[in-house]
Amino acid sequence: MRNAWLVACREFAENVHTKGFWLGIAMVPLLLVLGFSAQRLLESSTPSRAFVVVDPADVYGDAIDAAVERLHQREVLKAFGEYFSRHAVRGKTVPAADLEATPAVDVEKVLQEFSDTNPAALEAFVNAGGLAVAMAKVNGLIAPDAPPFVQPRKLFVRVDLPAGIDPEAGPAAVADALRPWLRGEQKVEIDGRPTDLFAAVIVPEDIADHVSRPGGVPRVPEPGESVQYWAANLADTDLRTEIERAINDQQRRAEYVAKGMDAAAVQAVQRTSVPVVKLDPRKASGREQVSLADQLRQWAPVGFVYLLWTSIFAVASLLLNNTIEEKSNRLVEVLLSSVTPGELMFGKLLGIAAVGLTMILAWIAGMVGMLWWNAGPQAEQARSLLDVVTRSGLLPAFVGYFILGYLLYGSLFLALGSVCNTLKEAQNMMQPVMLVMIVPLLTMMFIPKDPNGTLARVMSWIPIYTPFVMMNRAAASPPPWEIVGTTLLLLAAVAVTLCLAGRIFATGILRTGQPPRLVELWQWLVRGA
Amino acid sequence: MSQSSQPVLVLDGLKKSFGAFTAVHDVSLSVPRGSVYGFLGPNGAGKTTTIRMALSIYQPTAGRVTVLGQPSALLVRDRIGYLPEEKGLYKKMRACDIIAYFASLKGMPSAAARKRALELLDKYGLGEFATRKCEALSKGMGQKVQVLASIAHHPEFVILDEPFSGLDPVNQQVLEDLIEDLKREGTTIVFSTHIMEHAERLCDRLVLIARGRAVFDGTVAEARRTIPRRIVIRTPVDPGRLRGMPGVTGLTALGGDRHEVTLADDGDADAILAACFRDGIPLVGFDRSEPTLRDVFLRLVGAEQAAEEVA
C-alpha cells in the first residue's frame with residue numbers, strides 16, 4: 001500500500017509539473033471569459049454598415065428608416081439597461097425632502113423597467129422619450145464614480161445614393177450602376193469616413209402592381225417585380241429581415257387604409273401584443289414561470305457533459321502515455337523488482353485521479369469565481385448560471401460521474417498501454433475505441449430535448465455511456481430507480497473492468513515485441529496470468 | 001546452515017520456454033554470500049532471462065529459485081538491488097529525485113532516501129547534475145544514475161545486467177570501483193557481461209552460459225584450467241626434443257618459427273625455458289601468458305556451438 005502511494009505521489013508530481021496541466025486548468029475560466037466577452041467584442045468590432053434605398057415612388061422609404069431606428073433604439077435600451085444594472089446604487093432611498101422634487105423611485109423597479117428588450121418595453125422606452133428621458137430618470141441612482149454612458153454605435157446607417165446614379169433609371173440600371181460599390185471597389189462615406197456599401201434596397205416604381213394577394217394565380221415573381229435586396233454578405237441577415245418586415249407592415253397598413261379603415265386605429269392595432277408566458281409543471285405552484293435560470297438549468301448539463309468527456313479522456317490518456325513510457329524504456333522492470341503489478345496499477349490510477357480531480361476542482365472554482373466576479377454586462381446570465389451551477393446538484397453529480405467514468409476508462413487505457421510498446425501501436429489500437437467513445441458527444445445536444453426518452457434511457461444502461469448520458473439527463477430529474485440502477489451497474493462494470501484490466505496489465509506490462517492477438521488477450525483474462 | 005554461510009542465490013534446474021522456444025535449459029548455480037559472481041555469455045545466451053527468473057519477473061517453466069533463503073525475490077525485494085539490461089529513466093524527473101524515488105520504493109524513508117541520493121551522486125562525480133532533469137543527461141550519466149538508483153537502499157544483494165555496456169573507459173573504471181566498494185561493504189553482486197576483462201578483474205566466481213545452458217560454473221582459476229596451459233616459443237630450429245620432457249603433453253608447429261608447447265597441470269614453464277637453454281634451442285621469443293577468460297570463453301562457447309550444430 002505504501003508503494004502504491006509512492007507511485008501515486010510520483011505520478012501526481014510529474015504531471016502537475018507539466019505545462020499541459022496548467023493550460024488545462026486555465027482552460028475553463030478562459031472559455032467563460034471568451035464566451036462572455038465574445039458577443040461584446042463582436043458588437044464593438046462590427047463597423048456601422050451603410051446601405052442605400054432606391055425608392056423613386058417613395059413607397060417604403062419611411063418605413064425602412066423607422067425600422068432601422070427601432071433596431072438601434074433596441075440596442076440603446078439594452079446597453080443602457082446593462083449600464084444601469086452595473087452602476088446603480090442599490091437600496092438607495094431618496095431623502096424625504098427631495099420627494100417632492102423627484103418622484104419616489106425604487107431602484108429595483110427602475111432596474112426592472114430597463115431589464116428587458118421585448119417589444120412592449122422598447123415601445124415604452126421610445127414613447128417615454130428614449131435615452132434622454134431615461135437618463136434623467138436614473139440620474140440620482142447611479143454611483144457618482146460611474147463612467148458616463150456611451151451610446152452604442154448604429155449598426156446600420158442609410159446613406160445617400162452615390163452621385164451620378166439616376167434613381168429613376170429602373171431597377172436593372174440602378175443595380176448595374178451600384179455594382180462597383182456593392183463589390184467594395186468603390187466606397188461610400190459615413191460621417192466622412194469611407195466604408196463599404198453593405199446593401200442596396202431597390203424598390204421598382206410599379207411595385208404596387210406586384211403585391212401578391214389571396215386568390216391570385218400563384219407564381220414565382222421575376223426579380224424586376226420584387227423589392228430587390230442586394231448584398232455581398234449572405235451571412236448577416238439582420239438588415240434583410242428587418243427591412244422585409246418593415247416593408248410588409250407598411251404594405252398591410254396601406255391595404256387596411258385602402259379598405260376604408262382608420263389609419264390611426266390600424267397603427268394602434270398593429271402595436272397590440274398578447275403576452276405568452278412559459279410555465280413548467282414540475283415547479284412549485286405559484287412559481288411555475290420559466291426563468292432564465294430554468295432554461296440555463298436545462299442546458300447547463302450539456303456543458304458539464306462536454307467537460308466530463310474532455311477531462312476523463314485527457315486524464316485517461318495520461319495513463320496510457322506514461323504506461324507506454326515506462327514500458328518502452330523498460331523502467332517497468334525496475335519498478336516491478338520493487339512493487340507488484342497490482343500496486344503499480346493502483347498507484348498510477350490513484351495518482352492520475354488526483355491530477356484529474358485537481359484539474360476539475362480548479363475548473364469548478366474558476367467557473368464559480370468567474371461567474372461571481374463577472375457582475376458586468378452579462379450580469380443577469382452570469383448570476384443565473386452561478387445559481388444553477390451551485391444549487392442544482394449538478395456539481396456533485398459531475399464529480400461523482402468523473403470518478404466512476406475515470407476508473408472505467410482509466411483502467412481500460414492502462415490495460416491498452418500495457419500491451420503496446422510504442423505510442424504508435426497504441427494509436428492504432430485506439431481508433432476503434434475512439435469510435436465508441438465519441439458517441440456521447442454526438443448525442444449530447446439531442447438528449448436535453450427528450451431527456452427521458454428511449455435513446456437517453458437505453459444509453460443510460462450502457463456502462464461506458466452511463467456517466468455522460470446520466471449527466472446529460474441530470475436536469476430533467478430522471479426516475480430515482482434509474483439513477484440508482486444505472487449507478488449500481490456502473491459500479492459493477494468498474495469493478496469488473498478493474499479486475500480484468502489488472503490481469504491484462506500484469507501480463508502485458510513485461511511483454512515485448514508484437515502486441516498480443518485477441519486470442520492471447522482472452523487467454524490472459526481467463527487464466528489470470 | 002547459518003545466515004552468513006547460506007548462499008544468497010540458488011538456482012536449481014531452471015528452465016524457461018516462450019512458446020516453442022526454450023531460452024534457458026536446466027541452469028543450476030549457487031551464489032555464495034559476499035562474492036562477486038559473473039554471468040558470462042554471448043548475446044542471446046539466456047543471461048537476462050535467467051536474471052529475470054531469479055528476480056521473479058518471469059516465472060520459470062521448471063526449476064526452483066531461492067533468493068536470500070526465500071522461494072521468491074518478491075518476498076525480499078527490499079533487500080535486492082536490480083539494474084535491468086535496457087536502461088531507461090523518467091525523462092522529466094531530476095536525477096536526485098529518481099534515485100530517491102526508487103530507494104523509497106524499496107522501503108527507505110523519503111528524507112533518508114533523498115539524502116542518500118545526493119551523497120551517492122556526489123561520491124560518483126555527478127553532484128553538479130543532481131538537480132538536472134534526466135532528459136538533459138548524457139547516456140553514460142543516465143546509466144550511472146540508474147546504477148546508483150539500484151544500490152541506494154543499501155541492498156545486501158545486487159544484480160546488475162550488462163552494467164558496463166555503453167560506458168566509456170573512464171566510466172567503466174568508475175563502475176568497477178563502485179563494484180569493489182560494494183564488495184568491501186559485504187554486498188553480494190551478480191553481474192552479467194560479455195566483456196571478459198571486467199569479469200576477469202572483478203569476479204570471484206562465474207557461470208558461463210551459452211545457448212541457454214550453463215557450460216561452466218566455478219572460480220576464475222578453475223575456468224582457466226579448463227584449457228590446457230601452453231607456451232608459445234619462437235625458434236628457427238625444430239624444438240622436437242622438448243616433446244619427451246616431463247609435464248609436456250604436446251608440441252604443435254604454428255607456422256613460421258612459432259611452436260606451441262602444451263603443459264600438464266603440474267607442468268613447469270621455467271623448466272621448459274631452462275631446457276631450451278640447456279639443449280641449445282635458440283629462442284627468438286618465449287610467451288608464457290596464462291590463458292585468458294576470453295580463450296576460455298571462445299573455447300567453451302565454440303564447443304557448445306559446434307555440439308549444437310552436430311545435434
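Guide: The expected span of a helix is 1.5 Å times one less than its number of residues. Helices (H or I, at least four residues) and strands (E, at least two) are DSSP runs, numbered from the N terminus. This is a predicted model, in which local features need pLDDT of at least 70 and side-chain atom pairs count only at pLDDT 80 or more, while totals for chains, interfaces and linings use all residues. Residues are numbered from 1 along each chain as its sequence is written, and chains are lettered from A and ligands numbered from 1 in the order in which they are written.

Visitor: How many Å does helix α3 of chain B reach from its first C-alpha to its last?

Guide: Helix α3 of chain B runs over residues 110–123, which makes 14 residues. At 1.5 Å a residue, the expected value is 20 Å. The model comes close to that, with a reach of 20 Å.

Visitor: Why do the buried residues of α3(B) line one face of the helix?

Guide: A residue is buried if 20 or more other C-beta atoms lie within 10 Å of its own, exposed if 12 or fewer, and partly exposed in between, with C-beta atoms placed from the backbone. In α3(B) the buried residues are B:Ala113, B:Arg116, B:Ala117, B:Leu120 and B:Leu121. They line one face because, seen down the helix axis, they fall within an arc (of the directions from the axis to the C-beta atoms) of 130 degrees.

Visitor: Which residues are exposed on the other side of α3(B)?

Guide: The buried residues of α3(B) have a cover that includes α2 (95–105) and α4 (139–151) of chain B. The exposed residues on the other side are B:Ala111, B:Asp122 and B:Lys123.

Visitor: Which residue just after α3(B) takes a positive phi?

Guide: The phi value here is about 80 degrees. The residue that takes this positive phi just after α3(B) is B:Gly125.

Visitor: Is B:His154 buried or partly exposed?

Guide: B:His154 sits in the loop between α4 and β6 (157–161) of chain B. Its phi is near 55 degrees, a positive value in a residue other than glycine. It has 14 C-beta neighbours inside 10 Å, so B:His154 counts as partly exposed.

Visitor: How many C-beta neighbours does B:Arg211 have inside 10 Å?

Guide: B:Arg211 is in the loop between β8 (205–210) and β9 (213–219) of chain B. Its phi, near 50 degrees, is also positive in a residue other than glycine. B:Arg211 counts as partly exposed because its number of C-beta neighbours inside 10 Å is 19.

Visitor: How many residues of chain B are in contact with chain A?

Guide: Two residues are in contact if their C-beta atoms, placed from the backbone, lie within 7 Å. On the chain A side, α1 (2–16) and α11 (331–336) each supply at least two residues. Chain A brings 15 residues, and the number from chain B is 16.

Visitor: How far apart are the centres of the two domains of chain A, taken over C-alpha atoms?

Guide: Domain bounds come from an automatic or database domain assignment. In chain A, domain 1 covers 2–36 + 291–527 and domain 2 covers 48–270. Taken over C-alpha atoms, their centres are separated by 50 Å.

Visitor: What is the separation of the domain centres in chain B?

Guide: Chain B is divided into domain 1 (9–220) and domain 2 (228–287). The distance between their centres, over C-alpha atoms, is 44 Å.

Visitor: Is A:Leu34 buried or exposed?

Guide: A:Leu34 lies in helix α2 (residues 19–45) of chain A. It has 10 C-beta neighbours inside 10 Å, so A:Leu34 counts as exposed.
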